[in-house]
Amino acid sequence: MDLKKLWQTTLSELELQISRPNFLTWLKNSQLIEKNKEGQIIIGLANNFAKEWVENKYHKIILGILRSLDETIKGIKYTVITGPTKEPALKIRNTQHEKINKSHPSFPELKIDPETNLHPRYNFNSFVVGSSNELAYAAASAIIKDVGKKYNPFFIYGGVGLGKTHLIQAIGNEIKQLYKNRIKTKYVPSEKFVNEVIWGIRNKRMDDIKSRYRNIDVLIIDDIQFIGGKERSEEEFFHTFNALYENNKQIIISSDRPPAAIPTLEERLRSRFLGGMIADIGLPDYEMRVAIIKTKLQEQNSALSDDLCGLIANKVRKNVREIEGILNKITFYRENKSDDLTPAIIEEIIDSSIQQSFKNISPNQVIKVVAEFFETTPNELTARSRRKEIVEPRQIAIFLLRDILSLSYPNIGEKMGKRDHSTAIHSYEKISEEINKNRDLNQKVILIKELIYKQ
Ligand code: ADP
Ligand code: MG
């Protein structure tokens with residue numbers, strides 16, 4: 001079997017064993033470059049992080065398949081294919097020879113498309129797929145191939161900064177690119193939708209607003225949780241939704257929580273969402289954080305050693321936006337102070353910015369956010385009542401006071417309505433244990449934390 005054929009056969013088998021998005025992300029453009037006399041195979045991959053990912057995750061599977069096809073194969077080496085069309089190989093930049101260009105003139109200026117409202121920066125090329133978003137990504141890919149027919153509506157939820165906006169805009173951009181003007185796409189943040197409805201009512205122009213939306217083939221609504229509870233907007237959204245849905249138009253919705261957890265969402269809207277495809281995006285795991293860091297650096301034509309990337313991935317876990325923030329700080333440091341980065345410097349940059357994000361949070365703010373999340377008040381939360389609905393929110397508040405602010409137990413007891421410190425200990429331990437077992441609770445705690453960070 002020649003090498004090309006051998007690799008094709010291997011890939012088609014591999015495709016059955018790993019998820020399609022992963023397959024596309026990591027193995028697209030891969031090649032079997034060489035087989036030497038000792039039975040060593042050399043596989044070329046598109047870039048460094050594909051190499052790392054494939055080596056760490058799929059080596060065994062690939063070797064197994066290859067051996068089943070050719071038993072003289074002994075081992076595999078992975079390498080990055082470098083060529084004129086490929087991205088530059090990652091290397092640490094040396095300012096002495098290379099002046100960093102602050103305005104990045106090689107990037108064309110990107111603007112929001114006035115017709116679709118989409119930002120071109122959000123595309124699939126720059127979207128890293130990993131275990132936390134592969135289902136959402138797979139659904140997105142299916143929708144693009146079969147607009148309006150599959151997975152309608154598509155409801156995607158997850159915490160702040162995890163890539164919801166990026167993914168839903170990428171769907172829109174891809175559809176626009178593939179189908180040009182044959183399919184009319186519109187992206188709307190739900191606040192904008194609410195404002196339009198309010199404007200329409202005030203100026204008696206609701207008909208204009210209605211017709212604007214009903215001519216659309218793909219409607220992308222971001223952060224739908226903001227519509228919940230705003231009656232007239234909800235009503236209007238529901239009618240628009242129905243009109244589009246009945247005509248097989250595609251609807252894509254994002255939210256920071258699942259439909260069932262938007263308390264003020266009208267029942268009929270909620271059940272419509274439940275009738276489509278619901279996917280969540282979670283926190284990226286270590287490998288994915290590394291891949292994201294490398295992708296972002298590459299986008300800036302920059303790079304860091306594997307050790308430093310690993311260090312960042314280890315320390316920065318909150319969300320992708322936080323990773324971007326840290327990378328920006330590192331770039332800033334390189335451009336303005338020194339390009340000689342050591343682990344100690346990186347740690348210092350990370351620590352100082354993480355501390356900053358906690359610095360301004362007070363215990364009362366934590367309590368307030370928890371209360372709002374559960375649609376109650378700080379007073380209820382700290383009161384004596386043992387009402388069942390309030391017990392868990394109270395325990396979560398206690399947990400967070402300890403977890404985020406590291407308050408002492410007596411202090412927490414005091415803040416939570418002069419309770420005994422043993423109550424604080426019990427609550428903290430209960431939630432710490434529970435979040436490892438109960439996915440829903442874990443999700444709630446993550447969401448609340450994010451709301452607190454956003455303050
Ligand atoms: P959300 O809408 O969920 O709050 P965003 O889509 O705004 O999050 O993502 C926050 C930032 O992180 C954006 O700059 C986005 O490009 C980036 N980002 C998020 N997820 C990914 C990913 N999987 N790959 C690459 N960049 C990502
Ligand atoms: Mg968003």
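Which strands does helix 5 (residues 134-145) lie across? Helix 5 lies across strand 4 (154-158), strand 7 and strand 8, and runs at about 135 degrees to strand 8. Helices (H or I, at least four residues) and strands (E, at least two) are DSSP runs, numbered from the N terminus. Contact means heavy atoms within 4.5 Å. Axes are lines fitted to C-alpha atoms, for helices over the stretch in contact, and angles run from 0 to 180 degrees between N-to-C directions.

Keep in mind that this is a predicted model, where local features need pLDDT of at least 70, side-chain atom pairs count only at pLDDT 80 or more, and totals for chains, interfaces and linings use all residues. Residues are numbered from 1 along each chain as its sequence is written, chains are lettered from A and ligands numbered from 1 in the order in which they are written, and side-chain values use heavy atoms, with hydrogens and water left out.

Now for the overall picture. The chain has 20 helices and eight strands, and its C-alpha atoms fill a box of roughly 75 × 60 × 50 Å along the principal axes. Of its 455 residues, 46% count as buried, where buried means under 20% relative accessible area, exposed over 50%, and partly exposed in between (1.4 Å probe, protein chains only). If you take contacts between residues at least 6 apart in sequence, 73% of them join residues at least 24 apart. The chain is divided into domain 1 (3-94), domain 2 (134-281), domain 3 (286-357) and domain 4 (363-454); these bounds come from an automatic or database domain assignment. Between the C-alpha centres of domain 1 and domain 4 there are 48 Å.

Strand 2 (residues 40-45) runs parallel to strand 3, and six bridges join the two. Glutamine 40, for instance, has glycine 75 of strand 3 as its bridge partner.

Five strands form an open sheet in the order 5-6-7-4-8, and the pairing is parallel. The edges belong to strand 5 (185-189) and strand 8 (277-281); each has a single partner strand, so one side of each is left without a neighbour in the sheet. The twist averages 15 degrees from one strand to the next. Although strand 5 is an edge strand, four of its five residues are buried, so it is largely enclosed by the rest of the structure. Five bridges join strand 5 to strand 6, and tyrosine 187 has isoleucine 220 of strand 6 as its bridge partner. Isoleucine 220 also stands opposite isoleucine 252 in strand 7. Strand 6 (residues 218-222) and strand 7 (residues 250-255) pair over four bridges.

Two serines are worth a look. Serine 190 sits in helix 7 (residues 190-202) and counts as buried at 0% relative accessibility. Leaving aside neighbours within four places in sequence, serine 190 is in contact with Ile221, Asp222, Asp223, Ile224, Phe226 and Ile227. Serine 233 lies in helix 9 (residues 231-246) and is buried too, at 4%.

Finally, a helix pair. Helix 15 (residues 363-373) and helix 17 (residues 388-403) pack at an angle of about 150 degrees, their axes 10 Å apart. Pro363, Val366, Ile367 and Val370 of helix 15 meet Pro393, Ala397, Leu400 and Leu401 of helix 17. Ile367 is also among the residues touched by threonine 382, which is found in helix 16 (residues 378-382).

Definitions and conventions
Pairing = 2+ DSSP bridges.
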